[in-house]
Amino acid sequence: RARSSAPWPPIGSCRPARAPAWKTDRRTPIYRWYLNNERLVLGAIGFVTVVAIWELATQLGWLRLVYVSSPSRIFQAAMTEVRIGRIWGDIGISLTQFVLGFAAAAGVGIIVGLIAGWSKRASYVIDPWLSALYATPDVALVPLIILWLGIGLPSKVFVVFLTALFPIAVNTLVGVHSTDARLLDVARSYRAGRVALFRTVIIPSTVPFILTGLRLASGRALVGVVLAELIASNQGIGHMISVAGSTLNTGRMMFGVILLGLFGMFLGEVIRRIERRFDIWRPQPNVS
C-alpha cells in the first residue's frame, strides 16, 4: 500500500475545534427573548402607542367623546359590565353561536371542498352553487333565514355557518388542486388505489390550505355572529353594541367592539401557530 508523501502538518498549525454556537453567542438573554418574540413585542408597542395617542386626543378635545369615547371611559365601562355581571351572559350566547356555527361550517366545508376537488363531475355540480352563494351578500339572506328559523339560536347558528362556510370550502378545493403531480405519480407507480392515494397524498397536501381557510373563516364567523345579533336578538355582544349605540353609550359600545377584536386576534393567532406546524406539508413551487 502506497503511503502518502505529504508531510505532517507542523505542530500548532491545526485549527482548534469550533465552539458550539450557544457558547459564541454574545447576545444577552433579553435580546434573544426579543428576537424570539419580536412580532408580539412590536404589536404590543403599536397597540400601546395608538391607545396613548387616542387618550391624549380626547383629553385635548381633538376627538368628541360622543363619537369615539376614550380608552379610560371604555375601561370604566368594562369594569361596570364585569361588576354587574351582565357581560358574561352576552359572551356565553355569542360564544355558543360562534362555536356551533363555526364547527358546522368546518365539517361541511372540508367535506365539500375535498369532494369537489377530488371529483371533476362533483365539481361541475358544486362549484356553481359555491360561486352563486359566495357572491350573495350575507346581510341580504339574514331576514329570509330569520323568517324560516325564527329569532332563536338556530337562525343565529345558521348565519354563522353560512358566513364561514365558503372560505373553508374554497381553500380546501384549492388545496386538492394544488397537490404536487409528482407525488401522485410516485404513489401510482407503487400501485396505490384511489382510497390510499386520497388518504396518503391528497389529505396531507391539503391540510395547510384547510388551516388557512379556517383562519379566514374565523373572522367571517365573528361577523356573522354580530350580523345576526344586530338584526334580531335580545342578548349577545352584537345586541349589546346595538343597544349601546342607540343610547349613545359609546364607552360600552366600543368595549363590545374591542372585545370582539381581541377574540378574533386570539383565535387567529392560535390557528396561525397550528398552521406553521403544518406549513412543511404545503406543496413547494417547482423552480427547476
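This is a predicted model: local features need pLDDT of at least 70, side-chain atom pairs count only at pLDDT 80 or more; totals for chains, interfaces and linings use all residues.
The expected span of a helix is 1.5 Å times one less than its number of residues. H7 covers residues 120–135, 16 residues in total, and reaches 22 Å from its first C-alpha to its last, close to the 22 Å expected. Ala122, Ser123 and Leu130 are buried in H7. The buried residues of this helix pack against helix H6 (86–118) and helix H9 (153–177).

Let me move to the salt bridges, of which there are four. Glu81, Arg86 and Arg252 are linked in a network. In the pair of Arg86 and Glu81, the closest N and O atoms are 2.8 Å apart. Glu81 counts as buried because its relative accessible area is 2%, under the 20% limit, whereas Arg86, at 40%, is partly exposed. Glu81 also forms a salt bridge with Arg252, at 2.6 Å between the closest N and O atoms. This pair links distant parts of the chain, from helix H5 (residues 71–84) to helix H13 (residues 250–277), 171 residues apart. Both Glu81 and Arg252 are buried.

Within H13, Glu269 and Arg272 lie three residues apart, about one turn of the helix. They too form a salt bridge, with the closest N and O atoms 3.2 Å apart.

Finally, I come to Ser218, in helix H11 (residues 194–231). Is Ser218 buried or exposed? Its relative accessibility is 4%, so Ser218 counts as buried. A polar atom of its side chain lies 2.7 Å from the backbone oxygen of Arg215. Beyond its neighbours up to four places away in sequence, Ser218 touches Phe98, Phe102, Leu267 and Ile271.

How values were computed. Residues are numbered from 1 along each chain as its sequence is written. Side-chain values use heavy atoms; hydrogens and water are left out. Helices (H or I, at least four residues) and strands (E, at least two) are DSSP runs, numbered from the N terminus. Buried means under 20% relative accessible area, exposed over 50%, partly exposed in between (1.4 Å probe, protein chains only). A polar contact is a pair of N or O atoms within 3.5 Å; within protein, one must be able to donate a hydrogen and the other to accept it, and residues adjacent in sequence count only if both atoms are side-chain atoms. Contact means heavy atoms within 4.5 Å. A salt bridge is a side-chain nitrogen of Lys or Arg within 4 Å of a carboxyl oxygen of Asp or Glu.
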